[in-house]
Amino acid sequence: MLSEIGYLLRQDPEERFRAKAFAAASWSIAISKPDLDALHRTNQLTSIEGVGEGIAKVLAGLIETGASSYLDRLRTEMGQPARDDESDLDLSRYQGDVHSHTNWSDGKATMLQIAQGAQALGYRYLGVTDHSPRIKVVHGLDAERLLAQSREMAEVQAQVEDVTLLQGIEVDILEDGALDLPDAVLELLDVVIASPHVKLRQEAAAMTERMLRAVSNPHVDVVGHPTGRRPGAREGASYDFEAVFKEAARHNVALEIDCDPARMDLSPEMARLALECGCNFTLDADAHEPAELAYVPMAAWMARRAGIPEDRILNWRTLEDLTITLQRHG
Ligand SMILES: [Zn+2]
Ligand SMILES: [Zn+2]
């Protein structure tokens, strides 16, 4: 709820500092998991990092009633529809994240460190999905470096036995909808996330063709942050969402809700449309360091608000079921 408050406040440029404060507070709580009831009883909520008097008051209301009149008011002011069909997601059954980065591309931690982060959270699997070659600034991986990475993965796997590492790629969707790595490479990987990163302002018809082609590639498992938006900073791509989502559903390609607070993409509204189009989803942190794995609980409200049930989100599947889903795409 704190994260949703921060998200809604971001739509008002005058509230951007308060938006940051709420996002930071939810981030701090997601990582440190303090005993909120105990702190509330002893009047010590402000001892939590990032929680000042104002946020403590909202938090106290949440702890006492499970609801927030402040959030209710914001939802009304921001024109958010009332929903009586939000879904229940039990995060204790979240099995693993399929989108993460390491220092093989632009991640800030080693593969071992992020794998240990996933292990500490009790994950059963972690997709290691660094960038593809086109993104030169982040040192994207070509076939040769992917092979080298697979050797390191075998070594890391031996040290974190509880978490199964899935070797993947976050492959760039090129301007014409082709992917930034040949099929012969993609088919060797456990998980392929195809993401739009550049030329997001393409004209809608061309962007639609681009996305339709990407979701039709037989190796693509997930579309990463499907619009490329950055709430409060950059509008995402615009295309015929319904056509693309329906095509993704037809090809069993999941759509991502990227939980990175800078992205939060798909939005709850768009995710709801995708749900109606028959799509499955992933709920991923897109973590670039272990602490960022905590983005998932911060953003799970988005999937709830979109009404997405657990059986439509791949991260609730066991490793065995997930593997079957992923192998359908080779
Ligand atoms: Zn990305
Ligand atoms: Zn990513």
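This is a guided tour of the predicted model, stop by stop.

**Before you start**

Residues are numbered from 1 along each chain as its sequence is written, and chains are lettered from A and ligands numbered from 1 in the order in which they are written. The model is predicted: local features need pLDDT of at least 70, side-chain atom pairs count only at pLDDT 80 or more, and totals for chains, interfaces and linings use all residues.

**Stop 1: the two domains**

Colour residues 2-77 as domain 1 and 91-327 as domain 2. These bounds come from an automatic or database domain assignment. The C-alpha centres of the two domains lie 28 Å apart. Each domain puts 10 residues into the contact between them; two residues are in contact if their C-beta atoms, placed from the backbone, lie within 7 Å. On the domain 1 side, α1 and α2 each supply at least two residues. The most comes from α2, with six residues. By type, this side of domain 1 has five nonpolar, two polar and three charged residues. Here Ala, Val, Leu, Ile, Met, Phe, Trp, Tyr, Cys and Pro count as nonpolar, Asp, Glu, Lys and Arg as charged, and the others, Gly among them, as polar.

**Stop 2: helix α1**

Select residues 2-9, helix α1. Helices (H or I, at least four residues) and strands (E, at least two) are DSSP runs, numbered from the N terminus. Seven of the eight residues of α1 are buried. Buried means that 20 or more other C-beta atoms, placed from the backbone, lie within 10 Å of the residue's own; exposed means 12 or fewer, and partly exposed is in between. Among the buried ones are Leu2, Ile5 and Tyr7. Their cover includes α2 (16-32), α5 (69-77) and α12 (295-305).

**Stop 3: the sheet**

Now show the strands. An open sheet of seven strands runs in the order β1-β2-β3-β4-β5-β6-β7, with parallel pairing. Because β1 and β7 (281-284) stand at the edges with a single partner strand each, one side of each has no neighbour in the sheet. Two strands pair if DSSP finds at least two bridges between them.

Zoom in on β2, residues 125-131. Seven of its seven residues are buried, so β2 is largely enclosed by the rest of the structure.

- Towards β1 (96-97), β2 pairs in the parallel sense over two bridges. Asp97 stands opposite Leu126.
- Towards β3 (164-172), seven bridges join the parallel strands. Find His131 opposite Glu170.

Next, trace the chain from β2 through helix α7 (143-159) to β3: this β-α-β crossover is right-handed. Right-handed means that, with the strands pointing away from you, the path from the first strand over the helix to the second runs clockwise. β1, helix α6 (111-120) and β2 also make a right-handed β-α-β unit.

**Stop 4: Val253**

Select Val253, in the loop between α10 (241-250) and β6 (254-258). With 24 C-beta neighbours inside 10 Å, Val253 counts as buried. Beyond four places in sequence, the contacts of Val253 include Val215, Val222 and Ala248.

**Stop 5: the nonpolar core**

Finish with the largest nonpolar core, which has 92 residues. Such a core is a set of buried Ala, Val, Leu, Ile, Met, Phe, Trp, Tyr and Cys residues joined through C-beta atoms within 7 Å. Ala271, Phe281 and Ala303 touch the most other members. Centre on Phe281: beyond four places in sequence, its contacts include Ala254, Leu255, Ala271, Ala303 and Arg312.
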